[in-house]
Number of protein chains: 2
Amino acid sequence: MLRFHPLCSPLPPSMFFFRSNSYAKTLDFPSLSFYKTRFRSEMGAYSTISDSSKLLFRQLFEKESSTYTYLLADLGHPEKPAVGRLPCVKSIISKASTSKADLLVEAGDKIYFGNLFLEVRATPGHTLGCVSYVTGDGPDQPRPRMAFTGDALLIRGCGRTDFQGGSSHQLYKSVHSQIFTLPKDTLVYPAHDYKGFTVSTVGEEMLYNPRLTKDEETFKTIMENLNLPYPKMMDAAVPANMVCGLQDVAGKVKEPLSGSL
Amino acid sequence: MLRFHPLCSPLPPSMFFFRSNSYAKTLDFPSLSFYKTRFRSEMGAYSTISDSSKLLFRQLFEKESSTYTYLLADLGHPEKPAVGRLPCVKSIISKASTSKADLLVEAGDKIYFGNLFLEVRATPGHTLGCVSYVTGDGPDQPRPRMAFTGDALLIRGCGRTDFQGGSSHQLYKSVHSQIFTLPKDTLVYPAHDYKGFTVSTVGEEMLYNPRLTKDEETFKTIMENLNLPYPKMMDAAVPANMVCGLQDVAGKVKEPLSGSL
């Protein structure tokens, strides 16, 4: 389940980080304190062909759960707010997930950070509420586009569909209608990877994904026969995910921060 | 120890992959067979500001040894040779390492792949023979530049200096004279990471690297007091590294392929 945490300040936020699994927060994980500063324009970023788009992008990996977390910031934004105001981090999750968060989003919503934006696409199938976030299509937006596909599409794989309202039929339709319709050079960044990959593209997955390149019936058969074990962190992760990972020291679930973005 | 394996064909090679630790080959590691095709121009690549440079770049991660492997290809090269000719992969390593490889390189050498090139910079200190590879400086080369720093500079760290002819003094000088003199937006890609980072920049390391931002005496004191355990794969990795990882099925070391690039 992919959730967004826009990092806010008194000024409009120009930075986001998001991760798939709230449980990953409690593990030994790179601290965002490394980014507690104003990002200066000389900080390297994955460049974009559009000279007017200056995206700072970082991909972080948590080994125990094989989870990726992503940090995005608009370096072109004149205010370049600091990352250090973590207490006012807001959480975002899809309305369809029936989880709690500060903001609930639906397909078609645009999430702005600075002058850049992410478009919300509904990609249920791993769970009922899964969404993918895709960078905007426009002259000032990053090129090539980037699709954060959560647990829907993984590199040369996909999320399992036997839990939490999962459906192979839905997942197949989601990927084919929402991800595989993007330009082939769109970068694919998943929530997890177990094989050592960090990124793929729509074009590569349309050619080489061993599951989603099959017809739907064959795909369903594959998914029914995965015989995967019960996920090891399931009993901690799902309750945490449902409230965007907010827990007190004793492990009791807290309510998320409320307030507008 | 960073080594190069240009993937060749009857035509000049336009693709490289390189990894730090030959031992990583024997573990469950993403197979390059996924790339057994002609790369088509619609494959996504990290774009560059220079429209005439089209670098395909992939970063792969091996969890057990926390090792990164990198794949680079020049998609702009008219021939776009296939990756499937692994039997004629050649190996490259620094002459100063006294290891065996098909090609031995020295500081200042340029390694071309297609129309793109990597510049060899001597960065001893973790071992006597360490080098870093930096993408070329030129209008048709990738921007921002990318520095593959091996075990010299890690993200918010550096390689240990207590083995294999290591020297804290040398490492300090190497990083400061060869890496920290690059443009601040140069992307830093290390051989290993144990904290979940995938990339950094010269500017970030010059500000936040907890070791290399100190003066040399303080740095040496830090390095003398790391109290690190004996590396778990040392006894397998070092002999393999010295012959670029070529071993037969029974584990006996083979001689590397000879021949020109």
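Colleague: In chain B, what is the strand order of the open sheet of six strands?
Modeller: The order is S7-S8-S9-S10-S13-S14, and the pairing is mixed. Strands are DSSP runs of E with at least two residues, helices are runs of H or I with at least four, and both are numbered from the N terminus. Two strands pair if DSSP finds at least two bridges between them.

Colleague: Which strands stand at the edges there?
Modeller: Strand S7 (110-113) and strand S14 (200-201) of chain B; each has a single partner strand, so one side of each is left without a neighbour in the sheet. S14(B) pairs with strand S13 (residues 187-190) of chain B in the antiparallel sense, over two bridges. Within that pair, B:Leu187 has B:Thr201 as its bridge partner.

Colleague: Before we go on, what kind of model is this?
Modeller: This is a predicted model, in which local features need pLDDT of at least 70 and side-chain atom pairs count only at pLDDT 80 or more, while totals for chains, interfaces and linings use all residues. Residues are numbered from 1 along each chain as its sequence is written, chains are lettered from A and ligands numbered from 1 in the order in which they are written, and side-chain values use heavy atoms, with hydrogens and water left out.

Colleague: And chain A, how many bridges pair S8 with S9?
Modeller: Five, in the antiparallel sense, between strand S8 (residues 116-122) and strand S9 (residues 131-135) of chain A. A:Glu119 has A:Val134 as its bridge partner in S9(A).

Colleague: New topic. Which peptide bond ending at A:Pro144 is cis?
Modeller: The one from A:Arg143, with omega near -5 degrees. A:Pro144 lies in the loop between S9 and strand S10 (146-150) of chain A. In chain B, the bond from B:Arg143 to B:Pro144 is also cis, with omega near -5 degrees. Most peptide bonds are trans, and most residues other than glycine have a negative phi.

Colleague: What is phi at A:Ser66?
Modeller: Positive, about 55 degrees, although A:Ser66 is not a glycine. A:Ser66 sits in the loop between strand S3 (55-62) and strand S4 (67-74) of chain A.

Colleague: Is A:Ser66 buried or exposed?
Modeller: Buried, at a relative accessible area of 1%. Buried means under 20% relative accessible area, exposed over 50%, and partly exposed in between (1.4 Å probe, protein chains only).

Colleague: And B:Thr98, where is that?
Modeller: B:Thr98 is in the loop between strand S5 (92-94) and strand S6 (103-105) of chain B. Its phi is positive too, near 60 degrees, but B:Thr98 counts as exposed at 63% relative accessibility.
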